[in-house]
Amino acid sequence: MKPKHSKYKNTGILFELLTRQITSETISNLQPKSVDILRKFFGKNTTLLKEYQIYHALLNKKFNKDTSANVLIETLINAHSKLNKSNLRRERYNLVREVKENYNLEEFFNAKIPNYKIYASVFHLLESQNANPLSIVDSKVSILEHITNKSIPNKPKKEMVMEEYEKFDKETRALTHKMLMEKFNEKYSGLAENQKTLLKEYVYSVSNSPKLKAFINKEIIAVKAELEILAPKTDQVTQIKLNEVKNLINPLCKKSSVHDDNVINLLNYYGLVNELKTVQK
C-alpha cells in the first residue's frame, strides 16, 4: 500500500518552504527566524540534511540516458535505506513543532510548491519500499521522466526571479532589496498609498499565500463599503454606474487563487475611490 503523501513528512518540501520563508522575511526587512531553524535542523551532522541531499539530487540532477538516471535512482534509494529512521522521524517531528511555534502552520504549509508531483513521487519512492510494486513503479517512472527531461520548465517569471534571489548571500539580498525599493518608489511615485501597499503585498508574497488572498478580500470589502458612502454624493448617472461597479466587485472564493488580474482590478477600484474622494472634497 502506498503511504499517503504529507507535506509535514516531506523533507524536500520542508526545506523548500523554510528557504522561501527566509527570502520573504529578508525582503520584508524582518528578522529571519527561519535562518536559525534551518541551521538547527539541517546542520552538518543531522539526518534531515542527509535525506534532503537525496531529495535535492533526485529533483535537480539531469541525465540524457535512462540507464544513467536509473543508476542514480537506485544508488540514492540504497543510501536512504541506510539512514537512521528513528533519528529522521524525531528530527522531522521537532522541526515541524518549531515551525508551529514561530509561524501559522496552516499558512506556512499552504504555499504552492513548484514540481509538487515530483516531491510527492520522491517521498513515495523513499517511503514505499514495502508497498505495492505498481505504486513504486509509478513513482520511479515519474522521477525518471523528470531526470531525463531535456526541456526547460515554463515557469512564471516571478517564480524564476525568486529562485535566483534565493541564491544570493545576505549582503547581496540586502543591496538588491534596497535597489528594488528605490526603483519601485521612482516608478510608482504617482500611485496613491493604498495602491503602493497592494503592490508591495503582492511582491512580498513569495508564494500565492492565504495571507495575500485574505488581504485582497479585506480590501475588496473596504472598497465596496467606501463606494456605498461615496455614491449617493454623485449625480444620478454616476450613481447608476457606481452601482454596476459595486456589483462586479466580489471577494475571491475559497477555491480561487490570486492572479494578476485580481491585483490590477483592485488597483483600478482604488483609483476610482481615490478620484471620487478628491472630487468630493
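Of the 281 residues of the protein chain, 43% count as buried, where buried means under 20% relative accessible area with a 1.4 Å probe, protein chains only. The model is predicted, so local features need pLDDT of at least 70 and side-chain atom pairs count only at pLDDT 80 or more, while totals for chains, interfaces and linings use all residues. Residues are numbered from 1 along each chain as its sequence is written, and side-chain values use heavy atoms, with hydrogens and water left out.

**Whole chain.** Colour by secondary structure: the protein chain shows 14 helices and zero strands. Helices are DSSP runs of H or I with at least four residues, strands are runs of E with at least two, and both are numbered from the N terminus. Among contacts between residues at least 6 apart in sequence, 74% join residues at least 24 apart; contact means heavy atoms within 4.5 Å.

**Helix 4 and helix 7.** Select residues 66–81 for helix 4 and residues 116–127 for helix 7. These two helices pack at an angle of about 60 degrees, with their axes 10 Å apart. Axes are lines fitted to C-alpha atoms, for helices over the stretch in contact, and angles run from 0 to 180 degrees between N-to-C directions. That angle makes helix 4 oblique to helix 7. Angles under 35 degrees count as roughly parallel, over 145 as roughly antiparallel, 65 to 115 as roughly perpendicular and the rest as oblique. Show side chains next: I73, I77 and H80 in helix 4 meet L125, L126 and E127 in helix 7. By class, this contact has four nonpolar, one polar and one charged residues.

**Helix 14.** Move to residues 260–279, the 20 residues of helix 14. At 1.5 Å a residue, helix 14 should span 28 Å, and its end C-alpha atoms are 29 Å apart, which agrees. The expected span is 1.5 Å times one less than the number of residues. The buried residues of helix 14 are V263, L266, L267, Y269, Y270, V273, N274 and L276.

**Helix 12 against helix 14.** On the helix 12 side, display I216, E219, I220, V223, E226, L227 and L230; they meet V263, L266, Y269, Y270, L272, V273, L276 and K277 in helix 14. By class, this contact has 12 nonpolar, no polar and three charged residues.

Conventions
Buried < 20%, exposed > 50% of the residue type's maximum accessible area, 1.4 Å probe, protein only. Nonpolar A, V, L, I, M, F, W, Y, C, P; charged D, E, K, R; others polar.
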